[in-house]
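I opened this model to look up the ligand shell, the domains and a few helix pairs. My entries are below.

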Amino acid sequence: MTMTLVKPQLDGDYLDDLTIRTLYATDASAYREMPTAVTIPRSVDDLKKLIAYARATKQSLIPRTAGTSLAGQVVGKGIVVDVSKHFTKILEVNTQERWVRVQPGVVRDELNLFLKPHGLYYGPETSTANRAMIGGMVGNNSCGSNSVVYGSAREHLLSVKVLLADGSEAEFKATEAAQLSHTVLEASQKNGSASLLDTIYVQTNAMLSDPVNQLEIRKNFPKVTVERRNTGYALDMLLNCGPYTADGEPFNFCKLIAGSEGTLCFLTEIKLNIVPLPPTESGLVAVHCHSIDEALRATLIALKYRPYAVELIDNIILERADTNAEQRKNSFFVQRRANAASHLESFPTILVVDLSRDSRAEVEELATQMEAEMRAEGMGYHFPLLFGDDSKKIWTLRKAGLGLLGNLPGDAKAVAVIEDTAVDVRDQPEYIREFNVILKKHGMTSVHYAHAGSGEIHLRPIINLKTAEGHRQFRMIAEEIATLVKKYDGSLSGEHGDGRLRG
Ligand SMILES: Cc1cc2nc3c(=O)[nH]c(=O)nc-3n(C[C@H](O)[C@H](O)[C@H](O)COP(=O)(O)OP(=O)(O)OC[C@H]3O[C@@H](n4cnc5c(N)ncnc54)[C@H](O)[C@@H]3O)c2cc1C
């Protein structure tokens, strides 16, 4: 039973009227649940008061930044703690050592506007990068089209300052094996006076040192070559550190915190690795393929040319784009192909390969070589190379894909249920082939789009959720594809996180 206690006296706001609670009852997922209250803290002290109150009343806190999560991460009946309003400072930048220290409510694109005059850049992105905030990106271990170069938020997280579940402050950063052993030893000798932080070090060390656990983790987590791996807590990433792996990189709890979706601690400061600005000459090859399979095999060739992104747009999305005035203009480069069976022209499947470099000549040279190699393997029939504003139009088309699918005529829609699966990019053609065999067996089809270069195609089967049969198909597809992902040692979530959907 929840105890009634006096509400915490915050410098910020504690709001529990129906309107505000209703506004915060959703994120970008299908879930909706009324929170008990919404709070807008102003300071770390406010956060400590909230933690104390939540402990006393046995409620959960839901940290929240922009609230754009797709799997219900910030929906729940606890107290929403929105740090997007007052935790928005860029605290320090070090251009020599290439890092920046920020509060969690800094918007990703705004951070990059700030860094640009320094010639520096925060790599991980999302399609929502003009709203998504660093706290949420770390929470979800976000990544986007450019993950073939920059990876995800985890790879750029250097250290964090946090509040633990008892309200105590802690800092987590890279720790050499000798220092870690010393910390664990000291903590284990405290017995009755051990703090929560001591207990975390001692118990984590016990868990990761146990050979049985090591075997289970190595056996059951996605295989190491799966680049996008957002399902569950990243215990495998901790295990890869020294001293648990010989020659592993220094131990850092940040690896576990990235992707922990606000469930382990409350982030108050985040130190990020930053890199030089991307190349200035944006050049994209729109490889026109006959099929998804051809495009996925062509992806393996494209990756040899060190692209900044390799993204898929399938024929269903191009068909939808053709019915939308704005996206038809953005599809100006699409050349349909003759379809021998129907004597009609069909839309291709397009692989967008971003070969951006600092000079146009360099991009052209790479594009020519890549086209020759693909043609020699019988892949692709048209290879337009687009620069400047034209390349922006392709990106707009690619990002509009999700919205276009919302307009499929009739009640059957391209639904999100297994949209976030990821496998090793070399396994991808076979995985997708088997996926389509399963769908065909059930008389279904699916949309395929996005991150071919990172082994994550967003798959959206077309299902009518207004029917009982549609509900049955939804569950069946979730189960059968989970088994298929496991067969390939892949990850059920590549970028959107587990949230309530996969949790
Ligand atoms: C149309 C659309 C496209 C998208 N495309 C992508 C994409 O390309 N790639 C991608 O990765 N994601 C994508 N997403 C999902 C989402 O936008 C990203 O995961 C984004 O980084 C979330 O940021 P946010 O600020 O909205 O976080 P929120 O949704 O507010 O929070 C995300 C998680 O972080 C936790 N969190 C937030 N602040 C803190 C804190 N201070 N301390 C502890 N935990 C905290 C929250 O509790 C939650 O679990 C997309 C979403 C939409 C709607």
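**Model.** I am working with a predicted model, in which local features need pLDDT of at least 70, side-chain atom pairs count only at pLDDT 80 or more, and totals for chains, interfaces and linings use all residues. Residues are numbered from 1 along each chain as its sequence is written.

The ligand is surrounded by 35 residues, and the closest are Gly135, Gly136, Gly139, Ser142 and Gly262. Two or more shell residues come from each of strand 3 (61-64), helix 4 (134-140) and strand 10 (266-273). Helices (H or I, at least four residues) and strands (E, at least two) are DSSP runs, numbered from the N terminus. Helix 4 gives the largest share of the shell, five residues. I sorted the shell by class and noted 15 nonpolar, 16 polar and four charged residues. In this sorting Ala, Val, Leu, Ile, Met, Phe, Trp, Tyr, Cys and Pro count as nonpolar, Asp, Glu, Lys and Arg as charged, and the others, Gly among them, as polar.

**Domains.** I noted four domains: domain 1 (13-82), domain 2 (93-276), domain 3 (279-396) and domain 4 (408-503). Their bounds come from an automatic or database domain assignment. Domain 1 and domain 2 each supply at least three residues to the shell around the ligand. For domain 2 and domain 3, I have 35 Å between the C-alpha centres. Four residues of domain 2 and five residues of domain 3 make their contact, where contact means C-beta atoms, placed from the backbone, within 7 Å. On the domain 2 side I find two nonpolar, two polar and no charged residues.

**Helix pairs.** Axes are lines fitted to C-alpha atoms, for helices over the stretch in contact, and angles run from 0 to 180 degrees between N-to-C directions. Angles under 35 degrees count as roughly parallel, over 145 as roughly antiparallel, 65 to 115 as roughly perpendicular and the rest as oblique.

How do helix 11 and helix 16 cross? The axes of helix 11 (residues 292-302) and helix 16 (residues 428-441) come within 9 Å and cross at roughly 165°, so the two helices are roughly antiparallel. Helix 11 brings Ile292, Asp293, Leu296 and Arg297 to the contact, and helix 16 brings Gln428, Pro429, Ile432 and Arg433. I class these as four nonpolar, one polar and three charged residues.

Helix 11 also packs on helix 14 (residues 360-376), at about 135° with the axes 10 Å apart. This pair is therefore oblique. I list Ala298, Ile301 and Ala302 of helix 11 against Met370, Glu373 and Met374 of helix 14. This contact has five nonpolar, no polar and one charged residue.

Helix 6 (residues 177-188) and helix 7 (residues 196-209) have axes 9 Å apart and an angle of about 115°. They are therefore roughly perpendicular. Thr183, Val184, Ala187 and Ser188 of helix 6 meet Asp198, Tyr201, Val202 and Asn205 of helix 7.

**Backbone details.** I found a cis peptide bond between glycine 242 and proline 243, with omega about 5°. Proline 243 sits in the loop between helix 9 (235-239) and helix 10 (254-257). Lysine 58 is not a glycine, yet its phi is positive, about 55°. I place lysine 58 in the loop between helix 2 (44-57) and strand 3.

Technical notes
Near = placed C-beta within 6 Å. Contact = placed C-beta atoms within 7 Å.
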